[in-house]
Amino acid sequence: MRKAIRFLAVLVFVIVLSACQSEKIAKEDNVTSDEISTQQENQVEKQVPEQSEQSEQLEQPEQSTDVDLTTLSSTMVYSEVYNMVMTPEDYIGKTVKMEGTFAVYENEENGKKYFACLISDATACCSQGIEFVLQGDAKYPEDYPKEGDNITVEGIFGTYDEEGTEYCQLENATLE
Amino acid sequence: MEKLIEYLSYPFVRYALVVGVLIALCSSLLGVTLVLKRFSFIGDGLSHVAFGAMSIAAVLGVTNNTLIVLPVTIVCAILLLKTGQNTKIKGDAAIAMISVGALAFGYLLMNLFSASSNLSGDVCSTLFGSTSILTLKTEDVWLSAVLAVMVVLFFIFFYHKIFDVTFDETFAKTVGTKVDMYNVIIAVIVAVVIVLSMNLVGSLLISALIIFPALSAMRLFHSFRSVTVCSAVLSVICAVVGILISITAGTPVGATIVAVDAVVFVVCYTVGCITGGKIV
């Protein structure tokens, strides 16, 4: 019995230690990417038009999908979208591709329309969505699908402030 | 398999596995004691109490609802486990009364005062776990880890006392064991495990996490220590398998874990019937 108890104790400590390590790695990853993006922004701000060589070095690589939610299972998609909404700072500037249901919301006070891609969780009782803004001068309803249609949208993740509340949205979005 | 490896690269999946293993370990250790003390259903009752307390926290706008949920659940656990046998309302009736009462008041409060725009979603998520385990914050992981380690350490250091209190309280009192104190400590730990487990499987499925591993182990083994160790191993395996199936197949996490627990119970029951339950 003592051996079994010792084994359990060791198992628990190993698990706790690995949890701490994972968190540390995750944090380091975030810090590194944040630092890189901050450095890049600072460098871009300091650019002088004549310094063409430097500007070439600072050019971003071709846009590719950073977060492709279309390849994940529904449970994973819901969890990832939850994380995107709860910790948007980790996703700002990343290209996100997602599949879900098209929804339209209207601000009754000013008549402004908001377009979103909704996804449901595995129990189908909760749904979350991310607002998107199509690139160009897209007009509703001509350039948009019907409400409730299944859509795949891709855009650059960003946030904006409206009446003191921070909202997430996919900017320069395209529909497939 | 590639998909699974890709999913494991997500921090929240790793957090879920770590917390899932710890919760499964704690709940299975206590499960054996609770089943033997005929308190199998206390997990259900206390989880409903936790739901009620969570509703109060939501209505009051408390950010860290554990500050309210944990104390309330601990108080109810002590009342049920310590005085349940000596009051006019006996153990099972007291559990049932508190269970449905807390559930009803919790839902009523959320309906009347909740500021959330997705009430049904909030309730559903709390009751069935939904994807809670996959949406843990770093501080939730730390809290779960610390509490889980405390529970396991208590079980290790007080194994013999728990054994005494579980099987024969009268004998334990006779030999000088402070039975009342240990019952209170067990009640507190049960409450802690219940509050932790709500993240994993939700309020309605917590009982399964406590009962199934213990019952499965009892089909195969007969000594307290063998049943406890087997229960812990089965519970951890079921939690890991359940979470992995859930994220790859896109099924609800809590329900999948409980389904795996149920399948393992059927397997153990069959093996027990074939071997006569005399592996050890």
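Guide: The secondary structure of chain A consists of three helices and six strands, where helices (H or I, at least four residues) and strands (E, at least two) are DSSP runs, numbered from the N terminus. Starting from the N terminus, the order of elements in chain A is α-α-β-α-β-β-β-β-β. This is a predicted model, in which local features need pLDDT of at least 70 and side-chain atom pairs count only at pLDDT 80 or more, while totals for chains, interfaces and linings use all residues. Residues are numbered from 1 along each chain as its sequence is written, chains are lettered from A and ligands numbered from 1 in the order in which they are written, and side-chain values use heavy atoms, with hydrogens and water left out.

Chain A has 176 residues, and 36% of them count as buried; buried means under 20% relative accessible area, exposed over 50%, and partly exposed in between (1.4 Å probe, protein chains only). Its accessible surface is about 10900 Å², with 47% belonging to carbon and sulfur atoms; such areas come from the Shrake-Rupley method with a 1.4 Å probe, and for residues only the protein chains shown count as cover. Among contacts in chain A with a separation of 6 or more, 56% are between residues 24 or more positions apart, a contact being heavy atoms within 4.5 Å.

One place to look is Glu147(A), in the loop between strand E4 (127-134) and strand E5 (150-162). Phe102(A) is 45 residues away along the chain, yet the two C-alpha atoms are separated by 5.4 Å. Apart from neighbours within four places in sequence, Glu147(A) is in contact with Phe102(A), Ala103(A) and Val104(A). Its side chain reaches the backbone nitrogen of Val104(A) at 3.4 Å.

Phe102(A) is also touched by Phe132(A), whose other contacts include Tyr144(A), Ile151(A) and Leu170(A), not counting residues up to four places away in sequence. Phe132(A) is in turn one of the residues with the most contacts inside the largest nonpolar core, which has 117 residues; Leu69(A), Met98(A), Ile42(B) and Val190(B) are the others named. Such a core is a set of buried Ala, Val, Leu, Ile, Met, Phe, Trp, Tyr and Cys residues joined through side-chain atoms within 4.5 Å. Helix H2 (residues 11-36) of chain B gives the largest share of this core, 17 residues.

How values were computed
A polar contact is a pair of N or O atoms within 3.5 Å; within protein, one must be able to donate a hydrogen and the other to accept it, and residues adjacent in sequence count only if both atoms are side-chain atoms.
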